[in-house]
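Let's take a guided walk through a protein chain together.

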Amino acid sequence: MSMNERYEPQSIESRWQDRWEAAGLFRAGRRPAASKKYVLEMFPYPSGAMHMGHARVYTIGDAIARYMRMRGHDVLHPIGFDALGLPAENAALKDGKHPALRTRENIDSFRVDMKRMGYSFDWAREIATCDPGYYRWNQWFFVKMLERGLVYRRTGKANWCTGCLTVIANEQVLDEEKCERCGSPVVVKEIPEWAFRITAYAEDLLAGLDELTGWPERVTTMQRNWIGRSEGAEVDFACDGGATVKVFTTRVDTIFGCTYVVLAPEHPLVERVTVAARRAEVAAFVARMKALDAAARTGEDAPKEGVFTGAFAVNPFSGEKVPVWIANFVLAEYGTGAVMSVPAHDQRDFEFARKYRLPVRTVIQPAHGERTPPGEALPAATTADGVLEGSGRYTGLASAPARARMAADARAGGFGAPTVRWHLRDWGFSRQRYWGTPIPIIHCDEHGAVPVPEQDLPVLLPPQAIITGTGEPPLAKVPEFVATTCPRCGRPARRETETMDTFVDSSWYHARYLGPKDDTRPFDPAEAKRWLPIDVYVGGPEHAVMHLLYFRFWHRVMHELGLTHEKEPCRRLVTQGIVNGPDGRKMSKRWGNVVQPGPMVDRFGADTVRLFMLFAAPPEKDIDWSDEQVDGLFRFLARVWRIFHARQACFRTDPAQAAGAAGPFLELRRRTHRTIDKVTEAFDGRAQGQPAEAGSSNAPASPPPVRRAEPASSGRAGGSGGPHPPDLKFNTGIAALMELVNELYALEPKADAERAAVREALIATAVLLSPFAPHAAEELWHEVLGPAARDRLLADEPWPEADPGLVAADTVTIAVQVNGKLRGEVQVAVGAGEAEVRALAEREERVRAHLAGKTVRKVVFVPRRLLNFVVG
């Protein structure tokens with residue numbers, strides 16, 4: 001039967017999806033002897049319908065997974081749903097629908113849209129974190145980490161709504177520090193919470209970043225800064241009344257220039273050291289600072305504000321008494337919550353000192369060059385290392401050795417020590433929410449906080465969801481949940497009523513895919529040895545210092561528990577840009593600018609939507625949704641379809657006859673193999689074809705066989721190792737396919753060799769299109785091959801290899817310069833030498849004009865690139 005003349009995606013896409021599913025094509029483990037590739041996209045939170053922001057992530061990952069499968073790898077490409085968390089609970093408050101019901105409806109909707117997009121997921125491994133079979137293992141990990149001292153109870157700061165009488169998330173606090181829900185003032189309040197001791201892994205998490213050469217540098221830099229290792233010294237400043245202010249500094253070499261000490265407004269010593277006459281002013285300042293967001297008050301553009309406590313502290317190195325201030329730019333959470341201020345050598349301290357007329361004293365001079373003026377004449381702080389002056393017995397020392405010596409002397413003198421400080425803080429994960437994993441703790445009056453025994457897990461969420469948004473946690477309002485007995489003594493006790501942050505769910509989900517139905521353990525370590533670490537992980541860069549740090553931490557814990565065989569969970573991270581809605585803002589339900597896949601698939605077909613996502617920009621760049629550009633890509637696919645329809649006479653040509661193609665049809669073959677090279681490079685940066693020997697222009701005797709490229713070794717190292725992988729360039733690969741299609745339209749084959757060359761190009765077009773537009777590619781490939789492909793699927797076929805002899809050019813363009821300025825170009829054979837190129841160049845009219853009447857003093861020749869006449 002002849003193929004349909006019109007491209008009608010609705011008539012073919014569901015058919016191929018059914019064929020792929022019936023064949024079990026995307027199940028991991030089909031090729032146990034092949035090297036593995038684990039391709040994963042960050043799973044979605046099903047708080048509403050799927051939109052194009054989601055679709056972009058999964059289209060990028062799916063193209064990679066399909067390519068890896070065609071390269072011969074055994075591919076694991078699973079999907080699931082990050083189904084617990086705040087949005088579903090907020091929706092329940094809004095419309096009265098139970099979070100479980102709403103979440104399941106949204107998951108069903110997501111699944112339909114994902115399947116219609118043709119994503120090659122292994123659906124047999126689907127997970128939803130709201131399933132007890134999943135969150136049971138959250139609780140199991142909690143108990144194991146509690147046993148290892150990695151979970152503890154602490155008092156932490158949270159946003160407290162004075163109207164709702166509950167903790168709310170940062171996202172629910174408006175700019176004016178009001179509650180998004182009720183409009184009441186929001187204050188920072190200290191409440192008890194559970195925390196993971198992630199700081200115990202700070203050094204290892206920092207060192208591990210050096211292994212992550214497959215991660216974008218901006219992400220590893222953000223994590224490096226977030227972990228924030230600072231090497232310095234702690235020094236004790238003694239105050240009147242016996243109080244000691246402990247400061248941390250990375251520049252103890254400047255301590256003789258300290259002219260005041262600053263405490264954070266939240267510092268526990270503020271009330272103790274403040275003199276009676278200044279308490280009212282200090283209390284008002286502290287209250288005002290506590291009401292401000294930390295980032296806003298410490299930002300570079302924020303005004304430096306402070307208040308004097310009336311107290312003084314003694315510099316232990318100089319014996320000098322310096323005033324103790326409170327200022328907005330110091331945070332209790334960083335360092336010790338107190339700093340020694342050296343205005344001559346710290347710009348922030350300098351600005352504060354000038355504002356409040358505090359002394360400025362220069363104590364560091366440059367090792368070479370012009371001297372730094374005394375403090376009163378300084379226009380700005382000088383922050384570089386140098387040589388100490390005015391620093392007692394340390395005067396004359398260079399900064400670095402001075403720091404080491406002074407820190408050691410502080411330890412010897414009992415007033416300090418060399419110290420390493422971290423910006424990273426322990427992860428507070430308990431939430432006063434219903435829709436989360438119940439924390440498996442029972443509070444007993446006799447035994448305190450007792451973990452739920454493993455055999456009693458999971459602690460199930462009660463079906464009653466008493467969500468009012470006010471007062472105590474929702475679970476505390478369910479008596480039959482709260483009331484229990486102590487596992488140790490059997491007496492009446494109370495269950496913990498807080499639930500876990502949803503970041504817990506996403507910290508280890510990648511490993512649960514290895515055994516999603518396993519009810520005896522989180523996953524099988526043998527499966528972990530086969531599949532982990534993740535080879536390619538696709539998701540947004542906004543997760544750099546939360547999810548991506550937490551899942552590195554959790555993977556280390558799993559490694560220590562003997563569940564995994566490496567510390568790092570992921571070799572390569574691909575971060576994708578956002579999709580902006582039609583109004584130019586990030587696509588979001590909040591802005592009402594969401595474009596859903598369903599209507600677009602109805603209108604254009606899934607392949608067109610996929611092509612838009614991959615062609616609009618490189619993966620890491622933002623894109624703007626455009627119906628017009630989507631329509632343009634639909635027209636491209638229709639154009640591909642029509643050229644296949646127009647060249648049906650080429651389908652049954654003997655492929656071996658392509659070796660006899662000459663003239664423009666030989667050039668078509670060259671274009672075909674260069675396109676194979678270009679699309680391959682779009683995925684892995686490795687052009688398959690190698691340049692032919694100089695002067696070689698002979699095509700091979702017959703078309704090269706399409707054979708499966710040799711899969712790379714899977715390796716077992718935790719990091720990616722080696723150089724950073726090249727960027728993905730799907731847009732340039734698709735552009736190369738467009739150029740090949742243009743060339744097919746320009747040719748009318750008549751002889752058998754010409755038709756064979758066209759057939760070769762058509763097959764290559766279908767195969768190379770497969771990761772991007774898999775449904776159309778399957779249909780077209782089967783049209784060309786006919787009965788020979790009846791029991792085969794293109795998605796399972798080998799990736800083609802380019803013939804190096806056809807990739808290499810016969811001729812090259814040489815730029816001709818005169819005194820370094822371009823004056824012409826000549827076409828020469830690839831292997832042409834200097835004499836041949838010079839002779840041709842001297843015959844070029846423009847070149848002759850610039851050489852006329854001048855003496856050629858020198859000729860610079862770069863083979864295959866340029867010839868430069870140096871004249872005088």
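Our first stop is a proline in a loop. Pro 458 sits in the loop that runs between β20 (448–451) and α13 (479–482); helices here are DSSP runs of H or I with at least four residues, strands are runs of E with at least two, and both are numbered from the N terminus. The peptide bond leading from Leu 457 to Pro 458 is cis, and its omega is near 5°.

Before going further, a word on how to read the values. The model is predicted, so local features need pLDDT of at least 70 and side-chain atom pairs count only at pLDDT 80 or more, whereas totals for chains, interfaces and linings use all residues. Residues are numbered from 1 along each chain as its sequence is written, and side-chain values use heavy atoms, with hydrogens and water left out.

Pro 533 belongs to the loop between α16 (525–531) and β24 (534–539).

Two residues other than glycine have a positive phi: Arg 357, where phi is near 55°, and Asn 819, where phi is also near 55°. You can find Arg 357 in the loop between α11 (347–356) and β14 (364–365). Asn 819 lies in the loop between β28 (811–818) and β29 (821–829).

**Buried or exposed?**

Relative accessible area tells us how much of a residue can be reached from outside: buried means under 20%, exposed over 50%, and partly exposed in between, using a 1.4 Å probe and protein chains only.

| Residue | Relative accessible area | Class |
|---|---|---|
| Val 57 | 8% | buried |
| Glu 779 | 10% | buried |
| Asn 819 | 44% | partly exposed |
| Lys 858 | 51% | exposed |
| Arg 357 | 79% | exposed |

Let's visit some of these. Val 57 is part of helix α2 (residues 52–70). Which residues does Val 57 touch, not counting residues up to four places away in sequence? They are Glu 41, Val 538 and Gln 576, where contact means heavy atoms within 4.5 Å. For a sense of distance, Ala 465 is 408 residues from Val 57 along the chain, and their C-alpha atoms are separated by 33 Å.

Glu 779 is in helix α24 (residues 774–785). Apart from neighbours within four places in sequence, Glu 779 is in contact with Ile 12, Arg 15, Trp 16 and Trp 641.

Lys 858 has its place in strand β30 (residues 856–862). Leaving out residues up to four places away in sequence, Lys 858 touches Asn 868, Phe 869 and Val 870. Lys 858 and Phe 869 are 11 residues apart in sequence, and their C-alpha atoms are 6.2 Å apart in space.

**How helices meet**

Now look again at α2, which packs with helix α19 (residues 606–615) at an angle of about 90°, their axes 9 Å apart. Axes are lines fitted to C-alpha atoms, for helices over the stretch in contact, and angles run from 0 to 180 degrees between N-to-C directions. That angle makes α2 roughly perpendicular to α19; the word covers 65 to 115 degrees, while under 35 counts as roughly parallel, over 145 as roughly antiparallel, and the rest as oblique. From α2, the contact is made by Met 52, Ala 55, Arg 56, Thr 59, Ile 60, Asp 62, Ala 63 and Arg 66, and from α19 by Val 609, Arg 610, Met 613 and Leu 614.

A second pair is helix α20 (residues 627–646) and helix α22 (residues 730–745), which pack at an angle of about 40° with axes 10 Å apart. α20 and α22 are therefore oblique to each other. On the α20 side, residues including Leu 633, Phe 636 and Val 640 meet residues of α22, among them Met 738, Val 741 and Leu 744.

**Stepping back**

How many helices and strands does the chain have? There are 27 helices and 31 strands. Of the 872 residues of the chain, 55% count as buried. The C-alpha atoms fill a box of roughly 105 × 85 × 50 Å along the principal axes. Among contacts between residues at least 6 apart in sequence, 74% join residues at least 24 apart.
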